[in-house]
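Hi,

Here is the structure I promised to send over.

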Amino acid sequence: MKTWVVTDPGPMASGPLALVEREVPEPGPGEVLVRVEACGVCRTDLHLAEGDLPPRRPLTAPGHQAVGRVEGTGQRVGVAWLRSTCGRCRYCQRGMENLCPSSAYTGWDADGGFAEYLVAPAGYIYALPDDVPAERLAPLLCAGIIGYRALARCDLPPGGRLGIYGFGASAHLTAQAAIAQGATVHAVTRSAASRRLALELGAASAGDRPPEPLDAAILFAPVGDLVPPALEALDRGGTLAIAGIHLTDVPVLNYDRHLFQERTLRSVTANTRADGRAYLELALAHPPHVTIAPYPFAEGGRALVDLANDQVNGAAVLIMS
């Protein structure tokens with residue numbers, strides 16, 4: 001089979017990915033073999049390729065938004081970021097398996113969906129419908145699920161004012177979910193195309209800063225310099241949730257300007273399978289508008305270059321021919 005692997009993590013201009021030939025993997029006990037139909041391209045994949053996230057194994061295939069068919073049964077499934085947990089630790093026992101110290105992740109601890117086949121634990125895949133194109137399902141598996149958890153973590157009150165910083169794959173799905181719940185959404189992004197998309201999806205504004213105090217905010221852009229202005233834009237009692245797995249250094253905060261009046265700063269760490277099931281049930285019952293930037297599988301490297309250069313509008317997806 002053909003697969004993209006991270007050979008030497010570094011800036012995309014250095015060519016850290018290579019397309020190679022490998023044997024089709026063999027599933028182990030409790031695992032299934034999935035023939036990939038499409039795989040979403042996430043900023044986490046970019047962090048892995050560029051070395052912002054240290055490699056956990058050599059020559060790993062990225063990709064954790066894979067849609068495909070289980071070999072032998074033909075069942076349509078999704079393979080997402082959370083690959084496995086121990087099931088025994090205090091976090092797993094409390095329903096917080098996303099914090100499990102022994103958790104493993106697709107495309108980081110094991111080969112992911114930038115390949116024609118992958119193996120995944122049967123207990124960590126999601127059943128998906130047959131009548132929706134694979135490229136429209138793929139972004140739901142991370143962009144959608146992580147956005148769903150981030151929306152819960154930011155404690156947005158009913159009818160509240162939500163700021164979204166960065167407007168890529170996850171943000172454009174999260175904005176729709178918040179608007180459907182009656183929120184007023186303000187998008188903060190430097191991209192003209194992303195600003196247009198935000199307004200088309202129903203955002204009240206899209207620009208350099210929100211025009212009114214915010215009840216809650218989500219930071220999707222991996223830019224620590226945005227944390228102080230995002231906190232400062234919060235109204236009293238507001239919460240900022242940082243949704244990414246990687247963030248550049250946060251500047252010094254001023255207590256009075258950024259945190260006083262019970263403003264809260266929170267992180268978002270992966271997701272639980274319960275998050276995944278809840279979001280997919282909601283998204284399949286009330287399908288969001290998914291803006292797709294399709295790439296042939298052979299152009300996986302170009303997809304990550306475009307993502308690094310902020311040239312992707314919506315969600316990039318690799319599509320198998």
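**Helix α1 and its neighbours**

The buried residues of α1 pack against β1 (2-6), β2 (17-21), β3 (31-41) and α10 (300-308); contact here means heavy atoms within 4.5 Å. Before I go on: this is a predicted model, where local features need pLDDT of at least 70, side-chain atom pairs count only at pLDDT 80 or more, and totals for chains, interfaces and linings use all residues. Residues are numbered from 1 along each chain as its sequence is written, and side-chain values use heavy atoms, with hydrogens and water left out.

Helices are DSSP runs of H or I with at least four residues, strands are E runs of at least two, and both are numbered from the N terminus. Helix α1 covers residues 43-50, and six of its eight residues are buried (under 20% relative accessible area, 1.4 Å probe, protein chains only). Those are T44, D45, L46, H47, L48 and A49. Just past α1, G51 has a positive phi of about 90°.

**Helix α5**

Helix α5 (residues 169-180) has twelve residues and reaches 18 Å from first C-alpha to last, close to the 16 Å expected (1.5 Å times one less than the number of residues). Its buried residues include H172, L173 and Q176.

Which helix gives the most to the lining of the second largest pocket? That is α5, with four residues. α9 (273-285) also supplies at least two.

Cheers

Note on methods:
Buried means under 20% relative accessible area, exposed over 50%, partly exposed in between (1.4 Å probe, protein chains only).
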